[in-house]
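Please open the structure in a viewer and keep the selection tool at hand.

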Amino acid sequence: MEQAERFEKLKTGFQSSYWVANGMELFERLAYYGQATILSVFLRNHLKFSEIQAGQLSSIFGGLIYFLPIFAGALADKFGFKKAFSFAFFVLAIGYFLIGSTGISAFSGWYSGSNLFPILSIILIFTAIGGSFIKPSVLGTVALTTTPESKSLGYAIYYWLVNIGAAIGPFLAYLVRDSIGIEYVYLVSAMSCALMFFVTIFIFKEPELKLTEERESLLTVLKNLGTVVSNFKFMIFLLIFALYWIVFWEFFVVVPFYISDYISAESPIELVLSVGAWTIILFQIPINRLTKNIPTPTAIMIGFIFAALCWFLLYFAEITGITIGLGLIIAMIFTFSIGEQTQAPRFYEYLADLAPKGQAALFQGFAFLPVAIAWLVGGTFGGWVYQTYATDQHRPDLVFLIIGCVGIFAALCMFLYNLYMSRGHSA
C-alpha cells in the first residue's frame with residue numbers, strides 16, 4: 001500500500017505546465033547545442049573569420065547566455081513565465097535565423113560590403129538576451145508545478161531532458177550540415193524556437209501556485225551580486241572553477257578546428273561533441289552511487305585531474321607520432337565527462353559550505369558565474385592559442401599542452417584552496 005500511495009503521489013505531483021515547460025526546454029536545448037557544436041567552424045570555415053575572431057564571437061554569445069540569467073530571472077518573476085517564454089523564443093527564433101542568414105547566399109545582399117564582425121556581435125548579443133530567460137523560467141515553473149514529494153524527481157527529469165537535447169541537437173545538426181549545408185543548421189534552430197513560441201502562446205499556462213517568497217527586484221539582484229562579488233573567499237573559489245570551465249569550453253572551440261584541419265573537414269564533429277551528453281545520460285546515476293562516499297574536496301579534485309588528463313592524452317599522442325583519429329577524441333571527451341559527473345553534484349555542497357551562515361541559497365544562486373566567466377574568456381583564449389600554434393606554427397601539440405597546463409594549474413589551485421579551507425575549519 002505504501003508503494004501504491006507513493007506512486008499515486010508522484011503521478012499526481014506534476015501539473016500540466018510542468019510537462020509543457022520541460023518539453024519546450026528540450027527543444028530549446030536541441031536548438032542551442034545543435035548550433036553550438038558547429039559555431040566556431042561556421043564562423044571560420046564558412047564566414048572566413050580568423051580563429052581569434054571566431055573565438056571572440058563565441059565568447060560574446062556563450063558568456064552572455066550564462067551571465068544574463070542573473071537579471072532575466074528577476075524579470076521573469078515580475079512579468080510571469082508565459083511572457084518570459086514568449087519573449088525568449090521569439091527573440092531566439094529571430095536571432096538564430098539572422099546568424100544563419102549571414103552565411104546563406106540568398107541573403108548575401110543584406111550584408112554585402114559590410115563588416116560582418118560588428119553585425120554578428122550585435123546579433124549574438126540580441127540572441128543571448130532572449131536565451132537568458134529560458135533557464136530561470138523553466139526552473140521557476142518546475143518549482144511551482146511540483147509537490148514536495150515530486151520536486152526532486154521533477155528536477156531530475158529536467159536535468160535528464162537537458163542532456164537529451166544536448167545529445168540529439170548535434171545529431172540533427174550533423175544531418176543538416178551533411179545534406180544541405182552548415183549555414184542551415186541555424187535555420188533548424190530558428191524553426192525549433194519558433195515552434196516553441198507558438199506552444200507557449202497556445203498551450204503553456206501560467207502556473208497556478210505563487211511563490212511564497214517576496215519577488216526580488218532588479219535592485220535586489222544587483223545588491224545580491226555585490227554581496228557575492230565582495231566575498232573574497234567565495235570569488236577565489238569561483239575563479240578557480242572558471243579555469244576548469246575554460247578547459248571544458250575548448251571542446252567547442254579548439255576540437256572542431258582540430259578535427260576539421262587535421263582529421264577531416266567531413267568528419268561528424270557534431271556527433272563527436274555529443275559524446276559528453278550521452279555519457280551523462282548513461283552513467284550519471286551509477287557514477288553517483290560509486291562516488292557517494294568520496295569526500296567532496298576529493299571528488300572535485302578528481303574532476304579537475306580528469307579535465308587536464310584528457311588534453312594530455314592528445315598531447316602525448318601528437319609528440320609520440322600516434323595518429324589521432326575520432327576514436328581518441330571520443331575517448332578524451334568521455335574521460336572529461338566521467339570526471340565532470342564525479343565533481344558536478346558536489347559543487348553545490350561545496351558552495352553551501354563556503355557561504356556565510358544563512359546565505360547558502362543566495363550564494364548558490366550565482367553558481368553559474370564560473371561558466372559565464374569561462375565562456376567570456378575561453379572562446380577568445382582558445383581561438384588565440386589555436387591560431388598561434390596550430391595554424392601559424394603547425395604545432396597542435398602545443399595547443400593541447402597549453403590547455404592541459406591550464407587544467408593542471410586549476411587542479412593545483414583547488415588543492416591549495418582545499419588545504420586552506422580545511423585549516424580554516426580546524427581553526
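Begin by colouring the protein chain by confidence, since this is a predicted model. The mean pLDDT of the chain is 88, and 92% of the residues score at least 70. Where is confidence lowest, and where is it highest? Select residues 2–11: this is helix H1, where confidence is lowest, with a mean of 60. Then select residues 185–202, helix H11, where confidence is highest, at 97. Where pLDDT is low, the predicted coordinates should not be read in detail.

Next, turn to the surface. Select Ile168, Phe171, Leu172, Leu175, Trp278, Leu282, Phe283 and Phe334 together; these residues form a nonpolar patch with about 690 Å² of accessible area together. Which helices each supply at least two residues of the patch? They are helix H10 (151–179) and helix H15 (275–291). H10 gives the largest share, four residues.

Now select residues 326–354, which make up helix H17. This helix has 29 residues and should span 42 Å at 1.5 Å a residue; its end C-alpha atoms are 40 Å apart, which agrees. Centre the view on Phe347 to find a kink of about 35° in H17.

Move on to residues 296–319, helix H16, and select Thr298 within this helix. Is Thr298 buried, partly exposed or exposed? Its relative accessibility is 38%, so Thr298 counts as partly exposed.

The last stop is helix H19, residues 369–391. From its first C-alpha to its last, H19 reaches 31 Å, close to the 33 Å expected for its 23 residues at 1.5 Å a residue. At which residue does H19 bend? The bend, of about 35°, is at Gly378. Select Gly378: its relative accessibility is 0%, so this residue counts as buried, the class for values under 20%. Gly378 and Ser59 are 319 residues apart along the chain, and their C-alpha atoms are separated by 6.7 Å.

Notes:
Residues numbered from 1 in each chain as written. Predicted model: local features only at pLDDT ≥ 70, side-chain atom pairs only at ≥ 80, totals over all residues. Heavy atoms only, no water. pLDDT = per-residue confidence, 0-100. Patch = residues over 30% accessible without salt bridge, like charges linked within 9 Å, V, L, I, M, F, W, Y side chains within 5 Å. Areas by Shrake-Rupley, 256 points an atom, 1.4 Å probe, with all protein chains shown as cover. Salt bridge = Lys/Arg side-chain N within 4 Å of Asp/Glu carboxyl O. Expected span 1.5 Å × (residues − 1). Bend = angle between axes of the 7 residues up to and from the residue. Buried < 20%, exposed > 50% of the residue type's maximum accessible area, 1.4 Å probe, protein only.
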